[in-house]
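Below is a briefing on one structure, grouped by topic. It covers helix packing, salt bridges, backbone angles and a surface patch.

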Amino acid sequence: FDGTCGLCNRSVRLLLRLDRRARLRFAPLQGTSAQDYLRQHGLPTDNFDSLILVPDWSARAQPDFLSRTDGVVAALRVCGGFGSFLGAVLGVIPTSWRDAGYKVIARWRYRIWGEWRPRPLPKAEWADRLLD
């Protein structure tokens, strides 16, 4: 996720709330872990307009990732409960439509939600789920 984006950070906090089994981990695309992953798989290291979901971080050497709304849908499904429901609803929409909407939001996100100002996490245990 884009670590300086207000919308992106709010989305991460929502996913942290929905993922009660603590299966998801998060890394800002500007951070060391994400930059290493992007370089290793030939992905742009300076374009932070797309979420990248790595289904199994322990197998990150494999080029197995989902981007944009496919990543969002998969992350929601991993959360279980209401997150799975949201993922199923979004999954019904054709990827091309979802991604078109994603690109529009990505273009306007800083104007609407602004830049993220760091603040404490609501739950201290969530810090263990943020890579860097």
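**Helix packing and salt bridges**

H3 and H4 are roughly antiparallel to each other, a label given to angles over 145 degrees, whereas under 35 counts as roughly parallel, 65 to 115 as roughly perpendicular and the rest as oblique. The model is predicted, so local features need pLDDT of at least 70 and side-chain atom pairs pLDDT 80 or more, while totals for chains, interfaces and linings use all residues. Residues are numbered from 1 along each chain as its sequence is written, and side-chain values use heavy atoms, with hydrogens and water left out.

Helix pair
- The axes of helix H3 (residues 68–79) and helix H4 (residues 81–92) cross at roughly 150 degrees and come within 6 Å; axes are lines fitted to C-alpha atoms, for helices over the stretch in contact, and angles run from 0 to 180 degrees between N-to-C directions.
- Helices are DSSP runs of H or I with at least four residues, and strands are runs of E with at least two, numbered from the N terminus.
- The H3 and H4 crossing is left-handed, meaning that the near helix is turned anticlockwise from the far one by less than a right angle; clockwise would be right-handed.

Salt bridges
- The count is five salt bridges, each a side-chain nitrogen of Lys or Arg within 4 Å of a carboxyl oxygen of Asp or Glu.
- One of them joins Arg109 and Asp2 (2.9 Å, N to O); Arg109 lies in helix H5 and Asp2 in the segment before H1, so the pair ties together parts 107 residues apart in sequence.
- Arg109 is buried at 5% relative accessibility, and Asp2 is buried at 3%; buried means under 20% relative accessible area, exposed over 50%, and partly exposed in between (1.4 Å probe, protein chains only).
- Asp49 also meets Arg109, at 2.6 Å, N to O, and Asp2, Asp49 and Arg109 are linked in a network of salt bridges.
- Asp49 is partly exposed, with a relative accessible area of 39%.
- Asp19 and Arg129 form another salt bridge, with their closest N and O atoms 2.6 Å apart.

Positive phi
- Most residues other than glycine have a negative phi.
- Ala22 has a positive phi near 55 degrees and is found in the loop between helix H1 (6–18) and helix H2 (32–40).
- Arg68, in helix H3, has a positive phi near 50 degrees.

Surface
- Ile112 is in helix H5 (residues 95–113) and is exposed, with a relative accessible area of 56%.
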